[in-house]
Amino acid sequence: MTTTWVITAMLLYHGVEKPIITDYLVKSFDTKFDCLDYVWDNKVDMIDGLLEVHREVDGVKLRTFAFYCENRFVELEEV
């Protein structure tokens with residue numbers, strides 16, 4: 001088992017109590033620093049993509065969002 005880092009977006013919609021969590025699976029990273037660095041360098045493109053897909057869901061508009069880096073444990077297959 002190994003650890004990898006992915007970008008996660010937390011989305012909060014008007015009138016919805018709990019946020020929706022979605023993974024931004026364009027890339028994965030070996031370290032949290034690499035993940036945070038990618039977010040810093042690519043935030044505008046990431047926001048454009050996020051708004052294109054998640055600006056409105058079932059007629060409910062996105063109120064706010066946040067990107068964060070989250071570690072995941074991944075099972076490696078034996079070669």
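Buried means under 20% relative accessible area, exposed over 50%, and partly exposed in between, with a 1.4 Å probe and protein chains only. The buried residues of α1 are C35, Y38, V39, M46 and L50. An α-helix has 3.6 residues a turn, so residues three or four places apart point the same way.

This is a predicted model, in which local features need pLDDT of at least 70 and side-chain atom pairs count only at pLDDT 80 or more, while totals for chains, interfaces and linings use all residues. Residues are numbered from 1 along each chain as its sequence is written, and side-chain values use heavy atoms, with hydrogens and water left out.

**Overall layout**

The protein has 1 helix and 4 strands. From the N terminus on, the order is β-β-α-β-β. Helices (H or I, at least four residues) and strands (E, at least two) are DSSP runs, numbered from the N terminus. The C-alpha trace spans about 45 × 25 × 20 Å along its principal axes. Of the 79 residues, 23% count as buried. Strand β1 is mostly covered, with 9 of its 12 residues buried.

Contact means heavy atoms within 4.5 Å. Among contacts with a separation of 6 or more, 66% come from residues 24 or more positions apart.

**The helix**

Helix α1 covers residues 32–54. A straight helix of 23 residues would span 33 Å at 1.5 Å a residue, but α1 spans only 25 Å between its end C-alpha atoms. The expected span is 1.5 Å times one less than the number of residues.

Where is the kink in α1 centred? The kink is centred on N42 and is about 75°. The bend at a residue is the angle between axes fitted to the seven residues ending there and the seven starting there.

Helix α1 lies across β1, β2, β3 and β4, and runs at about 145° to β4. Axes here are lines fitted to C-alpha atoms, for helices over the stretch in contact, and angles run from 0 to 180 degrees between N-to-C directions.

**The sheet**

The 4 strands form an open sheet in the order β2-β1-β4-β3, with antiparallel pairing. Its edge strands are β2 and β3 (56–57), each of which pairs on one side only. Two strands pair if DSSP finds at least two bridges between them. The table lists the strand pairs.

| Strand pair | Sense | Bridges |
|---|---|---|
| β1 and β2 | antiparallel | 7 bridges |
| β1 and β4 | antiparallel | 12 bridges |
| β3 and β4 | antiparallel | 2 bridges |

M10 stands opposite I21 in β2. Y13 stands opposite L62 in β4, and I7 stands opposite C69 in β4. V57 faces V60 in β4 across the strand pair.

**Two hairpins**

Strands β1 and β2 form a hairpin with 6 residues between them. G15 in that turn has a positive phi of about 80°.

Strands β3 and β4 form a hairpin with 2 residues between them. D58 lies in the loop between β3 and β4. Its phi is near 50°, a positive value in a residue other than glycine. D58 is exposed, with a relative accessible area of 80%. G59 is found in the loop between β3 and β4 too. G59 is exposed, at a relative accessible area of 55%. From G59 to E75 is 16 residues in sequence and 38 Å in space, C-alpha to C-alpha.

**The disulfide**

How many disulfides does a search of the whole structure find? The search finds 1. A disulfide is taken as a pair of cysteine sulfur atoms within 2.5 Å.

C35 and C69 form the disulfide, with their sulfur atoms 2.1 Å apart. This pair links distant parts of the chain: C35 is in helix α1 and C69 in strand β4, 34 residues apart. The link of C35 and C69 is left-handed, with -95° about the S-S bond.

Are C35 and C69 buried or exposed? C35 is buried, with a relative accessible area of 0%. C69 is buried, with a relative accessible area of 10%.
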